[in-house]
Amino acid sequence: MTSSLAALAAACCLLLPALSLAQTQTPAIAHGAAEAATPAATAHDAPHEKLSPSMRPLSPPVRVNHPPRRLPQQAAPYARPAVKHHQPHATARRQPAMAAPLRAAAALGNRLLPRGQHGDKSPRLTVLACADGAPRHGAQGTLYLVQNPGNQLLLGEAGVSHAVRQLRTPLLLVLASADCKAVNTARSDFSALPLAEQRTLLSINVDKGGTPLSAQLDNLDNQVEAAVLHYGGEVEAGRLSVIGAYYDAAGQLGKRGQLVVTSINGERDKTTIARLLRQRAVFNAATGIGTPLASSSH
């Protein structure tokens with residue numbers, strides 16, 4: 001037994017130098033083998049060694065091409081205002097045409113008061129018309145338009161007084177027509193209407209149940225009489241003439257589309273009215289006001 005152990009120890013002592021020599025040659029051999037294997041591994045695209053998360057290289061940024069976003073059709077005007085094309089030789093915008101009753105009233109004013117007898121900077125004619133029978137515009141420099149339900153002086157006194165006493169308008173035309181709904185409503189029972197509308201219609205004094213034409217003419221005479229009394233000083237001094245006229249669109253009083261003068265400063269006689277209009281003598285031409293006419297009659 002002792003001899004066997006001694007032989008084993010001697011063998012180990014002989015093997016130790018050989019093992020140390022083999023360990024020193026192994027890295028060189030391994031390095032040479034790696035160099036020899038590198039081209040083959042590259043040629044076959046061998047997978048890279050997996051690295052830890054902290055040592056992984058950053059990936060290059062990915063370039064994304066976003067197409068321009070098109071706005072919906074209804075939002076286009078808000079995003080970009082429309083381009084206005086200016087035409088250097090474009091014609092000016094025309095004013096809306098005057099309604100037929102106002103055209104007839106302006107023609108009457110031009111005939112009774114030709115240009116040159118009154119200053120052109122201020123209106124020559126004031127028209128008190130119903131809000132339903134004529135549009136809210138007129139020829140500037142020719143007439144001053146005041147509108148309210150039923151062409152009432154009570155409702156339009158502020159506007160009419162401004163035209164007569166501030167602008168010195170020499171003609172005041174109370175214009176009536178069949179289109180005035182306020183007068184047509186006043187001839188019937190309007191107790192079911194709101195109180196504000198009832199107060200507006202209470203000052204229209206016409207017969208209940210009468211014809212539409214008679215109601216329009218009665219209200220026209222009432223408004224002319226109220227204007228003659230209210231502006232009696234101007235009428236007596238010859239600075240104002242109050243004319244009542246009815247625009248006959250249906251031809252009930254004569255020719256269709258004609259402006260029929262029913263009174264001048266309170267004078268209602270047809271023959272006298274025709275003569276005054278023919279002579280253009282409409283100032284100071286009322287019975288009981290100023291110098292009365294011998295041929296005046298009711």
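This is a predicted model: local features need pLDDT of at least 70, side-chain atom pairs count only at pLDDT 80 or more; totals for chains, interfaces and linings use all residues.
Figure 1. Cys180 has 0% relative accessibility and so counts as buried, a term for residues under 20% relative accessible area, with exposed meaning over 50% and partly exposed in between (1.4 Å probe, protein chains only). Residues are numbered from 1 along each chain as its sequence is written, and side-chain values use heavy atoms, with hydrogens and water left out. The sulfur atoms of Cys130 and Cys180 are 2.4 Å apart and form a disulfide, defined as a pair of cysteine sulfur atoms within 2.5 Å. A disulfide is a covalent bond between the sulfur atoms of two cysteines. The torsion about the S-S bond of Cys130 and Cys180 is about 75°, so this disulfide is right-handed. The pair links distant parts of the chain, 50 residues apart: Cys130 belongs to strand E1 (residues 125-130), and Cys180 to the loop between strand E3 (171-177) and helix H5 (181-186). Helices (H or I, at least four residues) and strands (E, at least two) are DSSP runs, numbered from the N terminus. One disulfide is found in a search of the whole structure.

Figure 2. The volume of the largest pocket is about 450 Å³. On a 1 Å grid over the protein atoms alone, a pocket is an open set of points with protein on both sides within 12 Å along at least five of seven lines, whereas a cavity is a set where a 1.4 Å probe fits but cannot get out; lining residues have an atom within 4 Å of a point. Grid points are joined across faces, edges and corners, and a volume is the space filled by probe spheres set on the points. The lining has 17 residues, and Val260, Val261, Thr262, Lys270 and Ile273 lie nearest the centre of the pocket. At least two lining residues come from each of helix H3 (100-112), helix H7 (212-230), strand E5 (258-264) and helix H9 (270-279). Strand E5 gives the largest share, five residues. By type, the lining comprises eleven nonpolar, two polar and four charged residues. Here Ala, Val, Leu, Ile, Met, Phe, Trp, Tyr, Cys and Pro count as nonpolar, Asp, Glu, Lys and Arg as charged, and the others, Gly among them, as polar.

**Figure 3. The surroundings of Gln152.** Gln152 sits in the loop between strand E2 (143-148) and helix H4 (157-166). With 1% relative accessibility, Gln152 counts as buried. Leaving aside residues up to four places away in sequence, Gln152 touches Leu128, Thr200, Ser203, Ile204 and Gln223, where contact means heavy atoms within 4.5 Å.

Figure 4. Most residues other than glycine have a negative phi. Arg168, not a glycine, has a positive phi of about 60°. Arg168 is placed in the loop between H4 and E3, and its 51% relative accessibility makes it count as exposed. Asn265 also is a residue other than glycine with a positive phi, near 55°. Asn265 is found in the loop between E5 and H9 and, at 2% relative accessibility, counts as buried.
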